[in-house]
Amino acid sequence: MRRRTTPEAFDPTAVRPWSARLPGLAYGGDYNPEQWPQATRLEDVELMRKAGVNFVSVAIFGWATIEPREGELDWAWLDETMDRLHDAGIQVALATATASPPPWLTRKHPEILPRLADETVLHQGGRQAYSVTHPVHREYALRMAARMAERYGEHPALALWHVDNEIGCHVPRDYSDTAAGAFRDWLRARYGTLDALNAAWGTAFWSQRYGSFDDVLPPLVAPTYANPTQQLDFDRFSSDSLLDYYRDLRDLLRELTPHVPTTTNLMVSSATKGMDYFSWAPELDVVANDHYTAAENPDRHVELAFSADMTRGVAGGDPWILMEHSTSAVNWQPRNHTKTPGEMLRNSLAHVARGADAVMFFQWRQSAAGAEKYHSAMVPHAGQDTDVWRRTVELGRALEALAEVRGSRVEARAAICFDYPAWWGAELDSHPTQALRYPDEVLAWYRALWDAGVTVDVVRPGADLSGYRLVIAPTLYLVTDADAANLAAAADAGATVVVTYFSGIVDEHDHVRLGGYPGAFRELLGVRTEEFYTLQVDETVRVSGGPLDASSADLWTEKTHVSPGTEVVASYDDGQLAGLPAVTRRPTTAGGSAWYVATRLDGAGTAALARTVAGAAQVLPAEAAADGVETVRRWSADGRTAWLFAINHTADDAKVATSGVELLAGGDVDGTLVVPAGTVRVVREAH
Ligand code: GLA
């Protein structure tokens, strides 16, 4: 195996940027050579060069191949792989190989297996069958990671440590006895005393008062609703304990290879609820994300843009790595979708437009065996004479042409607030309605701004909001005093702040803020709701006023009173609350305003209101374009160069006003850019 021979240009004690040895954007995918014979492995590298691949994730599921029996190590395949990749100029995100314990480990130590809330044991035979809190598993995982670091820490192909894989993907909540013990320790640290725990959990209710920490359990299957604060704290604990597992492996890698950056692949999207990624991000040297579109969603490109904008929010605005997506169909949805011509290129470049400096796939070569053999890859079963391969090569060329955008940043004047504890809280059982899905509420507002061409940062409500003219907080059910004050401060500093129904209802312990809803935002919004009026399936009401003209609303209405100084923008036309306020606006200082939307408007109503508040906040689209044409800019650090990405999701050619140099098809643009149907153009603009 090759050791580094040339002197390092980097300070060996500082963490090296993950992309330091790459010429531009990174391109590649998960590479699993252990599934293939030698001849195929040789062809792999040849094909990678043909496609322009320069970055791959290796050994994610390598543990059982490296160590088929305890202590018996076979490194030959991985040594060869690392050397061969290096010789081809391909950099490696090397995994800790811990994503799934080998069969001998779970047989020897069945106590490391995780459990569901009904105490069903999750056995080996699939993947990720381990409890992140179990000390025995931790010891074995650390030992494996240390071996990888000792063997490859100085290898010239190594660019980044990839810790485990999608931590918490299959087992976001573990109810095993070990997890229960760790939960109790976590609660002791959080509350200090039993009295504080009892107060926070409201245990005077239903005879739940605890006399000892030892009596506390995770929220196991129970005759009826488990204590809501217990559920919420178990969510917090679970996210923290998954992060703690990452942190332990990361700390070890830092100690052994201080110059190598570390990450793990997150799953930021509207579908992954288990982990509070805003609290994870500070522990990663670079944020990496995996994203898959949902076949049944005709607007999947909008959800993709949301995920990308939120990944950037999680990364604090820094460029990030798209660690996985799919070239075409996946294998794990009820009916999988084969991507249409141009869809994979649009998907990939939409991530780049929104801040990704790397485009990677699961996986390089489509498996011939195993549970993921019908999941698309860069090299499909049918080989090179295929749409998928030609598109893989085409994407490689496109990314080469976009090398200069690396490191540039997206600038947004509008923000949407997203908060994991608010998500966990909003979807607890025993609520006014079970039909509310928090990410759908957020996505509805995101969609309205996407349609209006407005670039949005998706940030936590406690983020620095000072740069935003427009801040929208959809259904922020649970909010801390500090976060509520942060939103109020933005409105008082001149921003337009929009809060929607079922927000500010409870504090961090899920205790109702008394005196009328929306408790934490009553003063900011100048409203007081006395009672919720949730609607039945198919029940709607009409709302008129301001930009709304008999707009339809469903799911939720409220009996809301306005304070003096608060204007009623729109009211209910019919239903039990006919004539009462549905949308209100209170002017704040410095020209700002605070809007309350007390119901769930349909798409057209949300779009109309979003355009009104964007107009009030003077937030403009990146560049005006026809419906279904996405425009977004990345900016150089000095603000003198911008790259305008125009992504045409429609079947018609589109025009966008811009001038500069077009990088994908090539050529100068003078005033009007034509974006052919279904494709992407990127213009370098001088500002
Ligand atoms: C996840 C995993 C990969 C693979 C893909 C399939 O993202 O990290 O190993 O299973 O899903 O979509």
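This report walks through the ligand site and the aromatic contacts of a predicted model.

## Around the ligand

Let's start with the ligand and its neighbours. Its surroundings are made up of Phe61, Arg127, Asn165, Glu166, Asp290, Tyr292, Glu324, Trp332, Phe362, Glu372 and His375. Sorted by class, this shell holds five charged, four nonpolar and two polar residues.

For His375, a polar side-chain atom is 2.7 Å from an oxygen atom of the ligand; for Asn165, the corresponding distance to a ligand oxygen is 2.8 Å. In Arg127, a side-chain N or O atom lies 2.9 Å from an oxygen of the ligand. On its own the ligand would expose 310 Å², and the protein buries 96% of that area.

## Aromatic pairs

Across the whole structure, a search turns up 32 aromatic pairs. One of them joins Tyr477 and Phe502: the ring centres are 4.7 Å apart and the planes meet at 40 degrees, so this pair counts as tilted. The two residues are 25 apart in the chain, with Tyr477 in the loop between strand S13 (470-473) and helix H15 (481-492), and Phe502 in the loop between strand S14 (496-500) and helix H16 (522-525). Tyr477 and Phe502 are both buried.

Ring pairs also build a cluster, which takes in Tyr277, Phe278, Trp280, Phe306, Phe418, Tyr420, Trp423, Tyr438 and Tyr446.

## Arginines over tryptophan rings

Arg365 is positioned over the face of Trp36, 5.5 Å from the ring centre. Over the ring of Trp424 sits the charged end of Arg173, at 5.8 Å from the centre.

Technical notes
Residues are numbered from 1 along each chain as its sequence is written. This is a predicted model: local features need pLDDT of at least 70, side-chain atom pairs count only at pLDDT 80 or more; totals for chains, interfaces and linings use all residues. Side-chain values use heavy atoms; hydrogens and water are left out. A residue is near a molecule or strand if one of its heavy atoms lies within 4 Å of it. A polar contact is a pair of N or O atoms within 3.5 Å; within protein, one must be able to donate a hydrogen and the other to accept it, and residues adjacent in sequence count only if both atoms are side-chain atoms. Accessible areas come from the Shrake-Rupley method with a 1.4 Å probe; for residues, only the protein chains shown count as cover. Ala, Val, Leu, Ile, Met, Phe, Trp, Tyr, Cys and Pro count as nonpolar, Asp, Glu, Lys and Arg as charged, and the others, Gly among them, as polar. Rings of Phe, Tyr and Trp (its six-membered ring) pair if their centres lie within 6.5 Å; planes under 30 degrees apart count as stacked, over 60 as edge-to-face and the rest as tilted. Helices (H or I, at least four residues) and strands (E, at least two) are DSSP runs, numbered from the N terminus. Buried means under 20% relative accessible area, exposed over 50%, partly exposed in between (1.4 Å probe, protein chains only). A charge sits over a ring if NZ of Lys or CZ of Arg is within 6 Å of the ring centre and within 35 degrees of the ring normal.
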